[in-house]
Amino acid sequence: MDLSYKQRISKAVTYVIIISLAALLQNTQGLTLEIGSARLFLLLPVCMIIGIGEDELHAGLYGLFGGMLWDLTSAQHYGFNAIFMCLFCFFCAALVTYYVRATFLTGFIFSAAEIFAYCLLYWLFFIIFRNMHGMELTLFSFYLPCAIYTIAITPMVWFCISPVKKVLNKPVSIK
């Protein structure tokens, strides 16, 4: 895909704005619907869907940016979100670049894997490994419901971001 410098910059700025809006929606209380105790982790599918179809470097940077925005509002993560999202977006973009096609099913599967891995690793690192007694069942009472809720929203995220990606990835017409 041969985009001009201006098109590449406008695409990057647009993606940064989308990720920033997703961070605002996710991290501001009352802007997203909470079902029971389940919260929506909107940044996970947004960064993944934006990163799929991009090269590995840009996908990793979009994941890093989304994770850093998430870490800014957290009290105890210490960069966990930024590192996790950067690595996951990087490796999934590499898989899409070299092995699989960037389709809805691919985006959904990679997003679901990222969401489940995030919830499980966060629970392990920040609940189990820190010996927070009595919090072991939060996997079933909070993290899995959050994962299921976020995965249920993922198709809507894909249908919102996919048309934007098609418009931004128009190649330069050489006359």
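Visitor: What makes Thr-154 a contact partner of other residues, leaving aside its neighbours within four places in sequence?
Guide: Contact means heavy atoms within 4.5 Å. On that test, Thr-154 touches Pro-45, Ile-49, Phe-108, Ser-111 and Ile-115. Thr-154 itself sits in helix H6, residues 138-168; helices here are DSSP runs (H or I, at least four residues), numbered from the N terminus.

Guide: A word on the source: this is a predicted model, where local features need pLDDT of at least 70 and side-chain atom pairs count only at pLDDT 80 or more, while totals for chains, interfaces and linings use all residues. Residues are numbered from 1 along each chain as its sequence is written, and side-chain values use heavy atoms, with hydrogens and water left out.

Visitor: Why is Thr-154 called buried?
Guide: Buried means under 20% relative accessible area, exposed over 50%, and partly exposed in between (1.4 Å probe, protein chains only). Thr-154 has 2% relative accessibility, so Thr-154 counts as buried.

Visitor: And why does Leu-42 count as buried or exposed?
Guide: Leu-42 is at 9% relative accessibility, therefore it counts as buried. Leu-42 lies in the loop between H1 and H2. Leaving aside neighbours within four places in sequence, its contacts are Ala-22, Leu-25, Gln-26 and Val-157.

Visitor: Which residues of H1 are buried, and what covers them?
Guide: Lys-11, Tyr-15, Ile-18, Ile-19, Ala-22, Ala-23 and Gln-26 are the buried ones. Their cover includes H2, H3 and H6.

Visitor: How do you know that the length of H1 is close to what is expected?
Guide: The expected span is 1.5 Å times one less than the number of residues. H1 has 23 residues, and its first and last C-alpha atoms are 33 Å apart, close to the expected 33 Å.

Visitor: What makes a set of residues a nonpolar core?
Guide: The members are buried Ala, Val, Leu, Ile, Met, Phe, Trp, Tyr and Cys residues joined through side-chain atoms within 4.5 Å. The largest such core has 46 residues, of which Ile-19, Leu-44, Val-46, Ile-50 and Tyr-118 touch the most other members. Two or more residues come from each of H1, helix H2 (43-51), helix H3 (56-72), helix H4 (80-98), helix H5 (104-128) and H6. H6 gives the largest share, 10 residues.
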